[in-house]
Amino acid sequence: MTGLLAIGLLIAASLAIGVYGVRAARTAPDFLVASRRVGTGRNAMAIAGEYVSAASVLGLAGLLLKNGIGTLWIAIGFTAGYVAVVALVAGPMRRSGAYTVPDFAEYRLGSPAIRKLCGAIVLVIMWLYLVPQFKGAGVVLQLVSGTPYWVGVVLAGVVVSGSIAVGGMRSATYVQAFHYLVKLVFIAVPAVYLMVHVGPEVRADALTPVGVPESWSRPLLDIENSGHPLLATWSMLLATTLGAIGLPHVIMRFHTSPSARAARRVGVIVIALLGLFYLFPAVYGLLGRVLTPHLVHSNATDTVAVVLPGEAVPGALGSVLTALVAAGAFAAFLSTSSGLLLALAGGLSHDLFGGRGLVGRLSRLRLAVAAGALVSVGLSLPAAHLDINMLVGWAFAVAASTFCPLLVLGIWWPRLTVRGAASGLVVGALTATGAALASALTEGHSGLVTVLLAQPASWTVPLAFATMIAVSLRGEPPAGAERAVLRLHAP
Amino acid sequence: MLRYGLRVEWRPWYPARRPGSLWRRGSASSVDTGAGATVAALREARLLGSDLRGGLHGSGGTAAARRIRRLLDADAVVLADLEGPAAQHGSLPPGSEAGALLDEVYARGEALRQPPLCAAPLLVADELAGCVIAAGEVAAEDLSEVAGLVAEALDHAELSGARARIAAADLRTLRAQISPHFLHNALAVIAAHIRSDPTRARGLLTDFADYLRYSFSTKGDYATVAAELQAIQTYLELQSARFDDRLEITVRMAPEILPVAIPFLVVQPIVENAVRHGLEKKAGRGHIGVSGYGEGTMCVIEIEDDGVGMDPELARAILAGSGPRSKGVGLANVDQRLRTVYGQEFGLLIETAPDHGTRVEARVPRYRRGVVAQ
């Protein structure tokens, strides 16, 4: 019950901030001064808040428990992604003035058709990313209230689309920044407490685990013991690092910065904030290996962060700690999935079906949010057995093999053509989603094939880049390409 | 004889049943006169119109010449304006004197046939504007019809250009217009403060200077929401001094929309309208609220006042441009410019009723190609 209460409070607070958060200033001068100060810090917290998803809060600890400490590479990849973002795209993207990736494609290549293609890929990535979020919410609600998994998933869908409909994302920057703090505090405080509480023996056990397979403590990521840990690790790092560039909801956050320089500075602060956060999931995974090894056998490792405090600390305090973690996990779900749903709904109503209707633009957005949530819930129901981090990894892989080449080549290579970009996008999207689907739906491949299908980035990303470059070299770049590129780099 | 103007009666102007002509591929054997052929002809006419959207010298000029050449089944087609040939498709037979023919057509103002060439004048809005020359077996009658079509397309292109110029002129008028009313009031209120409160007067004068600089700035057609907000702030400072601080102002703006580019002077006229028509006539304190937030890919800006409001019918008339001259010229202009920039569905939304205040909402995409703040 404590858990449900904590989640309820969190939702209420988020809604209040979302709807009334901008009631800060009474007069225009006050406001303008305040808004200049908002700048980098809060903006960076908002980006980190939207980025730290259920995959980070629940999935990372779960996968660490299950697959071994090689999993920590994922956290490194998630964070390192922002190095690539800051170095390659944040500044130019801000200068372009484009809000979404489809906007950028239209700006750079001047073709409405490529806008539609990008809109469709946004949908694929967003849904791949949303399903694990809904799975995380379902799992958390199941743990704190005992309701079946599907009730939790449906409830999560209702909460998130409802909160968007009543205007809960109107001051998105403030909500997301608040959620970052919630996540950090609610994950960090129980983690620190647990570390102190369990005593020196358990701590020693956690650092030098006994009775685990040797592969568990190998610092490489192996998928289903396929026997190619180095390839799997590289592939995953490639996907997460380059995927962060291509994630549609990440890139649109830099639009908020007043200038390109500020956008880059925001990116640097994001790296620090993410680095701080990712210290803590490891604690749950390592302690879980000692205290709750039974989760591995029941294939419920994604729940370790929520279960562990209750098992380690008996009584009321334990349930309070559990409630904190649960609320933190729910905040992760809420912020990420509302950001994703808005990006998805924007794509649905603006890029794919938008433009012509004279009535109901507002209701069209709401309709698109509802439709997006409905499909995500529908897809999440059968996804209960899939690891959260596997699913998120696929979203990153698709982003890395589609939008990453588009943005990087679009920004740095004036010769990119519409045809080249389109064929690269199609090739990247088809191969990456195809591999993910094959990996999810089929079983019993040999070792190498398993890795190549489950972590497709190592071959799909180079393939997409190569396709874009090869096809572009055979054609003429669109009129005004030089000017468009120059604008991206001119200070 | 003038072959120009809207024809009420439609005669097929395309070469009927000529072997090798365009319509054969759709209708297998001999149904050239059927609905399929008509539709195909209409489509060709429409596409010709879109080719010529940029005028004869535009990017579609050659495409238009090619289209006409296929229509007439000619060997070559030249489109010329009064300065000489502008676009050409196919090569003219050697020895043919297109230049001389052109001069002749311009001198006589009618279609001429000098085998192997045939020429017809382009009469745009009853004025001689150019000439179509076709080489090959082309009937003068057919060519004249095509010339009429081209002339109409050119007229159309000129009209849409004029529409954009009118919108730009409207904006200039709006800038120049910052109501004399307001200038007078602002100076009067500053004068009134000079002796009693020199510091305030000085501040107001600075505001006034800032406001003028923004309104007169000619840097471009777009500004960021933040810049527009700054202009509103200075405007409202001046107004609230005039209202003896009866005016209460609230600004709620989500920081993420501050860098969004919007057309220049879009919010300020709405605020001005709220002050002049909503609050000036109201006794006692008045409140005006400006708020903005992002909604997916949209940026929403709302201006609310609790003034005297107006009849919804009047609001509708104002947006339609048929309202009384003294009222809401600014609103109609803003509405018109938003529609020109973003498309027909992006006009203003006005909610109002007598004695219940007014709420005006502008909802625009956060990004639109070409909309960049300077």
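What you are looking at is a predicted model, in which local features need pLDDT of at least 70, side-chain atom pairs count only at pLDDT 80 or more, and totals for chains, interfaces and linings use all residues. Residues are numbered from 1 along each chain as its sequence is written, while chains are lettered from A and ligands numbered from 1 in the order in which they are written.

For an overview of chain B, begin with its domains, whose bounds come from an automatic or database domain assignment. Domain 1 covers 22-164 and domain 2 covers 179-365. Taken over C-alpha atoms, the centres of these two domains of chain B are separated by 50 Å.

Now turn to strand S4 (117-124) of chain B. Two strands pair if DSSP finds at least two bridges between them. On one side of the pairing list is strand S3 (residues 112-114) of chain B, which meets S4(B) in the antiparallel sense over three bridges. A hairpin through two residues joins S3(B) to S4(B), and B:Arg113 stands opposite B:Cys118 in S4(B). S4(B) also runs antiparallel to S5(B), with eight bridges joining them; here B:Pro121 stands opposite B:Cys131 in S5(B).

How enclosed is S4(B) by the rest of the structure? A residue is buried if 20 or more other C-beta atoms lie within 10 Å of its own, exposed if 12 or fewer, and partly exposed in between, with C-beta atoms placed from the backbone. Eight of the eight residues of S4(B) are buried, so the strand is largely enclosed.

Most residues other than glycine have a negative phi. In this hairpin, which has two residues between the strands, B:Ala125 takes a positive phi near 50 degrees. B:Asp126, found in that loop between S4 and S5, has a positive phi of about 65 degrees although it is not a glycine. B:Ala125 counts as partly exposed because it has 13 C-beta neighbours inside 10 Å, whereas B:Asp126 has 11 and so counts as exposed.

Finally, visit B:Glu228 in helix H7 (residues 225-242) of chain B. B:Glu228 is buried, because 27 other C-beta atoms lie within 10 Å. Two residues are in contact if their C-beta atoms, placed from the backbone, lie within 7 Å. Not counting residues up to four places away in sequence, B:Glu228 touches B:Ala223, B:Ile262, B:Val266, B:Val267 and B:Gln268.

Notes
Helices (H or I, at least four residues) and strands (E, at least two) are DSSP runs, numbered from the N terminus.
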